[in-house]
Amino acid sequence: MNTALARLNTIFAFTLSVMAGLTFLCFLSTFFNEHKADVSINTAKVIVKNVPDYSAGREKNDLGFIKLNQVVVWDKIIRRGENSILDYRKANTKYYFWDFGNGLRGNKNVTLSLSWNVIPNAGTLPKIMGTGQHKIEFPAEYSPNRFQ
Amino acid sequence: MGMLDMDFLDDVRRMNKRQLYYQVLNFGMIVSSALMIWKGLMVVTGSESPIVVVLSGSMEPAFYRGDLLFLTNYREEPIRVGEIVVFKIEGREIPIVHRVLKIHEKENGTVRFLTKGDNNSVDDRGLYAPGQLWLEKKEVVGRARGFSEIPIKKTKKRHIVNVRRGCNMWVNVITPTSRQRNAEATLIPTVART
């Protein structure tokens, strides 16, 4: 009964159940957190440019008759303990819009919003959208200047 | 170690036939209940592999190697930008865990999307099948819904464990109208793989 193997087995099983319990407590500690926050976004200068792209296919209507587009234009990773109050001025977009059809120029209905995703030690991965959006319009003309 | 094996064998030798059968059946029960739980999870979550292990560092600092992800894959839930999806590309054995960077949804409900690893500097087009520009819904194994890090493997990095979790944020835009590391995920129970 009290062989080394049996004892090892018991210790292993006990360790596993303790860790499972701890993981569950971790999950509980973040599950009820309220992650909502207010966000204010503004845009200064919006330009659309005509850029030849040789990497993509030539089928223009590849993505045609679109109901919804979502594109990430900026992102940031904030680690635990770092300043989580973001105050950016004159920031550029990190990723650009790429229009594979004809939906970008003159689009009057573009909404910018900020969302985030909190990674716990153990638990759910909530996706939160900040309250506060900003609506912009794209200009109807392509920018003539290449480096504007 | 030799002593342990001997003890164990002695135990077996001392059993009569009935006890031996019972042990074998008991073992079979354990294996089959593990399989049942796994298959049951598959039904409940709608994902072909509800729990995956992260195999590489392309989603650091969110996911490190060895972390566990719990996936769901409900048909009616739309895929949105910022979500972490696990997808399997044709011709690649191991699924990849990355965040959705762009999506384009058509009137008829078909979705095309592009992914990127948080720790990679470019999007995933280089990882997709040659010539493939977008992912489609059929390639998605699941969306990450739950997460658990594995404390055992981090003995070396223990001091940074507490600060490395944080939050990832991104700005969405919604309009209604190299060398890369790739985060690979694997199914945990190899039993269920067959």
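In this predicted model, A:Tyr88 has a relative accessibility of 47% and therefore counts as partly exposed, since that class lies between the limits of 20% and 50%. A:Trp74, in contrast, is buried, with a relative accessible area of 16%. The count of aromatic pairs over all chains comes to six. The ring centres of A:Trp74 and A:Tyr88 are 5.5 Å apart and their planes stand at 70°, so the pair is edge-to-face. Because A:Trp74 lies in strand β1 of chain A (residues 66-79) and A:Tyr88 in the loop between β1 and β2 (110-118) of that chain, the contact ties together parts that are 14 residues apart in sequence.

In chain B, the rings of B:Phe63 and B:Phe147 have centres 5.1 Å apart and planes at 25°, so this pair is stacked. B:Phe63 belongs to the loop between β1 and β2 of chain B and B:Phe147 to strand β7 of chain B, so the pair ties together parts 84 residues apart in sequence. B:Phe63 is buried at 0% relative accessibility, and B:Phe147 is buried as well, at 4%.

The strands around this pair can be followed next. Strand β1 of chain B (residues 51-54) pairs with β2 of chain B (residues 68-72) in the antiparallel sense over three bridges, with B:Ile51 standing opposite B:Phe70. Strand β2(B) is in turn joined by five bridges to the antiparallel strand β7 of chain B (residues 140-148), where B:Arg143 stands opposite B:Thr72.

Back in chain A, an unreviewed UniProt entry annotates residues 12-32 as a transmembrane region, and over these residues the chain is 95% helix and 0% strand.

Key: Residues numbered from 1 in each chain as written. Chains lettered and ligands numbered in written order. Predicted model: local features only at pLDDT ≥ 70, side-chain atom pairs only at ≥ 80, totals over all residues. Heavy atoms only, no water. Pairing = 2+ DSSP bridges. Helix = DSSP H or I, 4+ residues; strand = E, 2+ residues; numbered from the N terminus. UniProt positions renumbered as here; feature names shortened; annotations may be inferred. Phe/Tyr/Trp six-rings, centres within 6.5 Å; stacked < 30°, edge-to-face > 60°. Buried < 20%, exposed > 50% of the residue type's maximum accessible area, 1.4 Å probe, protein only.
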